[in-house]
Amino acid sequence: MRASKSVLAALRKTMSYNPMALCRFLGSSTALSSSSSPDCTVWNKKISHLIRTGQIEEAKKVFNAIEHKNTVTWNAMITGHVKRREMAKARKLFDEMPERDVVSWNLMISGYLSCRGVRFVEEGRLLFDQMPVRDTISWNTMITGYLRDGRVSDALRLFESMIERDVVTWNAMISGFLQNGVIAKAIEIFESMPERDSTSLCAVVSGLIHNGRIDKAAKLLVEFGAKDGYSENLVNAYNALIAGYSQRGQVDEARRVFDQIPYFCDQGKRRGMGFEKNVVSWNKMIKCYVKAGDLISARGLFDQMIDRDIVSWNTIISGYVQVPNMEGAIDLFNRMLYRDAITWNSMIMGFAEVGNLELAYEFFQRMPQRNLISWNSIISGYEKNSEYDWAINLYLEMQADGMKPDQHTLSSILSGCAGSVNLLLGAQIHQQVTKLVIGDVPINNSLITMYSRCGAILEARTMFDEMKTKDVISWNAMIAGYASHGYATEALQLFEFMKQQHVKPTQVTFTSVLSACANAGFTEAGKYYFNSMASQFRISPRMEHFSSLVDMIGRSGQLQEALHLIKSMPFQPDKTVWGALLGASRVHNNVTYGRIAAEALMTLDPESSAPYALLYNIYADLGQLNEAAEVKMLMRRNNVGKHVAASWVGSPHSETRTF
């Protein structure tokens, strides 16, 4: 039994075009007829709509219920499976089709090629060869698939065998060859194009920039832009060139390109002009200046802009944040009519960076809507400013707010646990890491650091050993953990193993290695490692490396050698270096070197009482009371405040007299 057209029309209105409801109304054995009637278009649209909205099973029910399907019906259903990469199901429908058109063939070919892989590409080519009639789309689809799979020779053979090409064909070849690094051939194809458009020029410019041939891109842009006449979209090629120079830090070249783009302040003069600067041009040039740290030039351009968008405001604000000039950033922030999350997050990060956590938290609280970056910024801000308890509390608040953490959140909070030596919470965060995120190298490094600083060396080493991929930070974290907890032998053994694995150490590595040697009294080993920095690894020792070496040499009683090392330093020694010598002189009660170190410290830090106290104690221990009294008088003459007790950080003595 077939329902009348009037009944069908009424049902469509009352059932919101629900085909299954229509089937139930007409009887379970009744099929939807689509033949060549107007209803055919309705059901095809319904299937397409269901597929677009991800309801492929519902679309399949409608498809199966239609008695007389046309080619469009079959193509619509095939499209659904192709979009979901269900090529076996799509092929089954394709093989069952009573009639196919060129769209059917193109759908299947594009589906196979989108899956990539040799087998799928070959299936697509087999269908391409079997096609009774091909259109330009067929050829372009096959060429694009080959190029996406890196088969440039196959793509070129197809291209050369084409009788008729369109601009899409040429652009596909240019982009594909550039993506595969075949630069010379891409340029040859571009130059031989019978007709090129702005898309062609933009493609070759962007591709050359991506391949590091920015000067060639600029040359082609000038040559062919002038030859073919300016078109409306040519500005995109210029914008790509500005961005390319910006990435390379070539600010002057970027500005030269920016100035080559016409700009008309008078609206009336724009008539008949094909292209001019757009807001993207201004934004990219401002970003270039911001990246180079030239905030004056960036602000100058920003003030010249007539039409600004939110990107313009956010870019210039980020420039002030980077300097940092938070007063200028606030001024711009207050002038903005519309702000987004990026704006608020920039302000939060800026205030946190300068240590103004009160304002950072105020902006965080004022945000209309927070995202994950907002939480990460405020948590990281407190953690980096050593406000570990605040960072932890914010993390707990974030969880209560229903926001899931990511690697950045967990890494910051693990650093907070390490700083506050909160092993219990750190272990709980470790459990969350295993459940919520993929444990990548940075977060595993954070776990090693957390366990190490909390004294859980075995857990840290277990974490280190279980890492399938390690970077130099992983090795540094574990060596530092051993060194800081007195496991000098283990630290040095791991360092030797690190070198065997051909991992190049850094300055941070040697800081931990020398610290381990100093704490264990391995003076000769310390000298060897210090000298190896420059001789084996071409690493210039920094102040902390000299300080460690002076400390270990001095502790061993070699005070003259320690002083000689200080005088041979390539830069002026700081308080830590002289403090190491003074501490060693205190251990060995050596007045000569103690006085030299103390006088140097008095010059570097006139208001500190520590050098006076240590020198006083050296004299007192030797019974030289007159000299000790002179130190007290010198301290009074220099108006240095008296401390109850004073010692030098890192000195090995445990007893310090009071004045």
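Which residues are buried in α31? In this predicted model, the buried set comprises T509, F510, S512, V513, L514, A516, C517 and A518. Their cover includes α29 (472-484), α30, α32 (523-537) and α33 (543-555). Just after α31, G521 adopts a positive phi of about 75°.

The overall fold is helical. The secondary structure of the protein consists of 38 helices and zero strands. The protein has 659 residues, and 47% of them count as buried. Among contacts with a separation of 6 or more, 57% link residues 24 or more positions apart.

Helix α9 was examined next. It covers residues 136-148, 13 residues in total. From the first C-alpha of α9 to its last, the reach is 18 Å, close to the 18 Å expected at 1.5 Å a residue. The buried residues of α9 are S138, W139, N140, T141, M142, I143, G145, Y146 and L147. Elements that cover them include α7 (102-115), α8 (118-130), α10 (152-161) and α11 (167-179). The N-terminal end of α9 is capped by D135. A side-chain oxygen of D135 lies 3.2 Å from the backbone nitrogen of I137. Just after α9, G150 has a positive phi of about 80°.

The side chains of S138 and N106 are joined by a polar contact of 2.6 Å. Leaving aside residues up to four places away in sequence, S138 touches V102, N106, F128 and M131.

Two helix pairs were then compared by their axes. Two packed helices are described by the angle between their axes and the distance between the axes. Helix α5 (residues 71-83) and helix α6 (residues 87-96) have axes that come within 8 Å and cross at roughly 165°. Angles over 145 degrees count as roughly antiparallel, and α5 and α6 are therefore roughly antiparallel to each other. The crossing of α5 past α6 is left-handed. On the α5 side, the contact is made by W74, M77, I78, H81 and V82. On the α6 side, M87, K89, A90, L93, F94 and E96 take part.

The second pair is formed by helix α35 (residues 575-587) and helix α37 (residues 610-621). The axes of α35 and α37 come within 9 Å and cross at roughly 20°. Angles under 35 degrees count as roughly parallel, and α35 and α37 are therefore roughly parallel to each other. Their crossing is left-handed. L582, S585 and R586 of α35 meet P611, L614, N617, I618 and D621 of α37.

Backbone geometry in the loops was also considered. Most residues other than glycine have a negative phi, and most peptide bonds are trans. H502 is not a glycine, yet has a positive phi of about 60°. H502 sits in the loop between α30 (488-500) and α31 (507-520). Its relative accessibility is 74%, so H502 counts as exposed. N589 is likewise not a glycine and has a positive phi of about 50°. N589 belongs to the loop between α35 and α36 (591-604). At 26% relative accessibility, N589 counts as partly exposed. A cis peptide bond joins V323 and P324, with omega at about -5°. P324 is located in the loop between α19 (310-322) and α20 (326-335).

L436 and P405 are 31 residues apart in sequence. Their C-alpha atoms are 7.8 Å apart in space.

Terms used. Residues are numbered from 1 along each chain as its sequence is written. This is a predicted model: local features need pLDDT of at least 70, side-chain atom pairs count only at pLDDT 80 or more; totals for chains, interfaces and linings use all residues. Side-chain values use heavy atoms; hydrogens and water are left out. Helices (H or I, at least four residues) and strands (E, at least two) are DSSP runs, numbered from the N terminus. The expected span of a helix is 1.5 Å times one less than its number of residues. Buried means under 20% relative accessible area, exposed over 50%, partly exposed in between (1.4 Å probe, protein chains only). Contact means heavy atoms within 4.5 Å. A polar contact is a pair of N or O atoms within 3.5 Å; within protein, one must be able to donate a hydrogen and the other to accept it, and residues adjacent in sequence count only if both atoms are side-chain atoms. Axes are lines fitted to C-alpha atoms, for helices over the stretch in contact, and angles run from 0 to 180 degrees between N-to-C directions. Angles under 35 degrees count as roughly parallel, over 145 as roughly antiparallel, 65 to 115 as roughly perpendicular and the rest as oblique. A crossing is left-handed if the near helix is turned anticlockwise from the far one by less than a right angle, and right-handed if clockwise.
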